[in-house]
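Hi,

Here is the structure I promised to pass on.

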Amino acid sequence: MTDSVEASGFGCTSSWVLTANVRPLVESLAALIDYEADDWDWDAIEAGLSRTVAEDPQGWYDYRLIGTTTLRLELANDRDSIVTMVQVHHPPDQLLTVRIETIMSMLARYQVIA
């Protein structure tokens with residue numbers, strides 16, 4: 001997992017999650033910012049993610065969650081694997097960063113059964 005601060009002043013947390021956990025990732029991140037992700041969000045993300053390739057910098061899907069703050073997600077499937085690469089662009093808030101890191105770490109290791 002990597003963290004950086006971009007020129008825009010936003011932080012970026014990068015990692016991967018099991019592809020089966022992308023929806024729990026989106027729902028968990030949305031809950032952090034008091035945004036209620038719904039089926040419309042998931043339909044858009046699922047459609048956008050289906051056309052992605054992690055090796056192509058232009059081939060990532062960009063999606064924003066707007067609640068008490070904005071999280072910009074970039075997602076891409078890792079070809080021939082069971083993981084999805086994730087970048088979360090977020091305000092440089094230490095508590096928010098740790099929460100994002102924790103969510104991503106857990107969803108990289110354990111498959112969520114919902």
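Helices (H or I, at least four residues) and strands (E, at least two) are DSSP runs, numbered from the N terminus. This is a predicted model, so to speak of a local feature takes pLDDT of at least 70 and side-chain atom pairs count only at pLDDT 80 or more, while totals for chains, interfaces and linings use all residues. Residues are numbered from 1 along each chain as its sequence is written, and side-chain values use heavy atoms, with hydrogens and water left out.

Let's start with α1 and α2. V22, R23 and V26 on the α1 side meet D39, W42, I45 and L49 on the α2 side. By class, that contact has five nonpolar, no polar and two charged residues (Ala, Val, Leu, Ile, Met, Phe, Trp, Tyr, Cys and Pro count as nonpolar, Asp, Glu, Lys and Arg as charged, and the others, Gly among them, as polar). The axes of α1 (residues 22-32) and α2 (residues 39-49) come within 11 Å and cross at roughly 135 degrees. Axes are lines fitted to C-alpha atoms, for helices over the stretch in contact, with angles running from 0 to 180 degrees between N-to-C directions. The two helices are therefore oblique to each other; angles under 35 degrees count as roughly parallel, over 145 as roughly antiparallel, 65 to 115 as roughly perpendicular and the rest as oblique.

Now α1 with α3. Their axes come within 10 Å and cross at roughly 160 degrees, so α1 and α3 are roughly antiparallel. P24, L25, S28, L29 and L32 of α1 make this contact with L96, R99, I100, I103, M104 and L107 of α3. Sorted by class, there are nine nonpolar residues, one polar and one charged.

Buried means under 20% relative accessible area, exposed over 50%, and partly exposed in between (1.4 Å probe, protein chains only).

Which residues touch the most other members of the largest nonpolar core? They are L25, L29, I45, L65 and V88, out of 23 residues in that core. At least two core residues come from each of α1, α2, β3 (61-66), β4 (70-77), β5 (83-90) and α3 (94-109). A nonpolar core is a set of buried Ala, Val, Leu, Ile, Met, Phe, Trp, Tyr and Cys residues joined through side-chain atoms within 4.5 Å. Leaving aside neighbours within four places in sequence, L25 is in contact with V17, L75, V86, I103, M104 and L107.

On to the loops. Most residues other than glycine have a negative phi, and most peptide bonds are trans. D34, in the loop between α1 and α2, has a positive phi of about 55 degrees although it is not a glycine. D34 is exposed, at 64% relative accessible area. D80 sits in the loop between β4 and β5, again without being a glycine, and its phi is positive at about 60 degrees. D80 counts as exposed too, with 78% relative accessibility.

Finally, A37 is in the loop between α1 and α2 and is partly exposed, with a relative accessible area of 24%. Not counting residues up to four places away in sequence, A37 touches V26 and A30.

Cheers

Definitions and conventions
Contact means heavy atoms within 4.5 Å.
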